[in-house]
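Me: I've got a model open and want to talk it through. Can we go over it piece by piece?

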Amino acid sequence: MSQRSSDSDQETSTRPTPANAIGEERILDAAYELLLAIGMRRMTMADIARHAEVSRATLYRRWPNVQAVVAALMTREWTIALVSAFQPDAADGRARLVEGVVEVVAKTRVHPLMRKIVELDPEFLTPYLMERRGSSTVAHLALVEEGIRQGQADGSIRDGDPVWLARQIILVSLASAVSGPVMAEKDEYPKLDEELRVMLTRYLTP
């Protein structure tokens, strides 16, 4: 092998990975680990870049600040919860919707990411609870609205505007997910879930 070829191979092996070849999941995984370890307030973009082994330029190319990274992380985590919760084999549309909502609320209430933010950085949640809808809330609303329409189509959910029915369900669900630990001990969470199940079932039954 020529010296030129050897030098070329060495340069290739040490050249930084192009920004567009670095997966977003890798960065979000790093942010997740850091958030659980030190909290969002102490976490910096430099910390995330270092933990993900990417340059700060790469990180800033995708997100402007730590809050934006955490927002993307929360969207990912709640999307995973949504996908796994709404199962197609329920008895009818109402059962599928109610059980799906209860499962997402139960998972959110104990999710390590949510608990750490509530414990150390609760002000991060304030805009999403008081001022605007985040990406996760928009996705939840769309899914619940569609579930209501399906239940109305099969006769298991009462008449009413799916948009407003869905909004009321999301409001109740957010309260149970975020404030549930204020009202119940951890071993009592199943009671919260059962009461939410009863409430939603009665609210939606024709």
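This is a predicted model: local features need pLDDT of at least 70, side-chain atom pairs count only at pLDDT 80 or more; totals for chains, interfaces and linings use all residues.

Me: Is Glu53 buried or exposed?
Reply: The cut-off for exposed is over 50% relative accessible area. Glu53 has a relative accessible area of 65%, so Glu53 counts as exposed.

Me: What is phi of Glu53 near?
Reply: Most residues other than glycine have a negative phi. Glu53 isn't glycine, yet its phi is positive, near 60°.

Me: On to the helices: are α5 and α9 roughly parallel or roughly antiparallel?
Reply: Helix α5 (residues 66-85) and helix α9 (residues 135-153) pack with their axes 9 Å apart, at an angle of about 20°. Angles under 35 degrees count as roughly parallel. The pair is therefore roughly parallel.

Me: Which residues of α9 do Met74, Thr75, Trp78 and Leu82 in α5 meet?
Reply: The residues of this contact divide into five nonpolar, four polar and no charged. On the α9 side, the partners are Ser135, Ser136, Ala139, His140 and Leu143.

Me: Which residues touch the most other members of the largest nonpolar core?
Reply: That core has 28 residues. The elements giving it two or more residues are α2 (24-38), α3 (45-52), α5 and α7 (112-120). The residues touching the most other members are Met43, Ile48, Val70, Met74 and Ile117.

Me: How many residues are in the second, separate core?
Reply: Its members include Leu82, Val98, Val104 and Ala177. The size of this second core is 21 residues.

Technical notes
Residues are numbered from 1 along each chain as its sequence is written. Side-chain values use heavy atoms; hydrogens and water are left out. Axes are lines fitted to C-alpha atoms, for helices over the stretch in contact, and angles run from 0 to 180 degrees between N-to-C directions. Helices (H or I, at least four residues) and strands (E, at least two) are DSSP runs, numbered from the N terminus. Angles under 35 degrees count as roughly parallel, over 145 as roughly antiparallel, 65 to 115 as roughly perpendicular and the rest as oblique. Contact means heavy atoms within 4.5 Å. Ala, Val, Leu, Ile, Met, Phe, Trp, Tyr, Cys and Pro count as nonpolar, Asp, Glu, Lys and Arg as charged, and the others, Gly among them, as polar. A nonpolar core is a set of buried Ala, Val, Leu, Ile, Met, Phe, Trp, Tyr and Cys residues joined through side-chain atoms within 4.5 Å. Buried means under 20% relative accessible area, exposed over 50%, partly exposed in between (1.4 Å probe, protein chains only).
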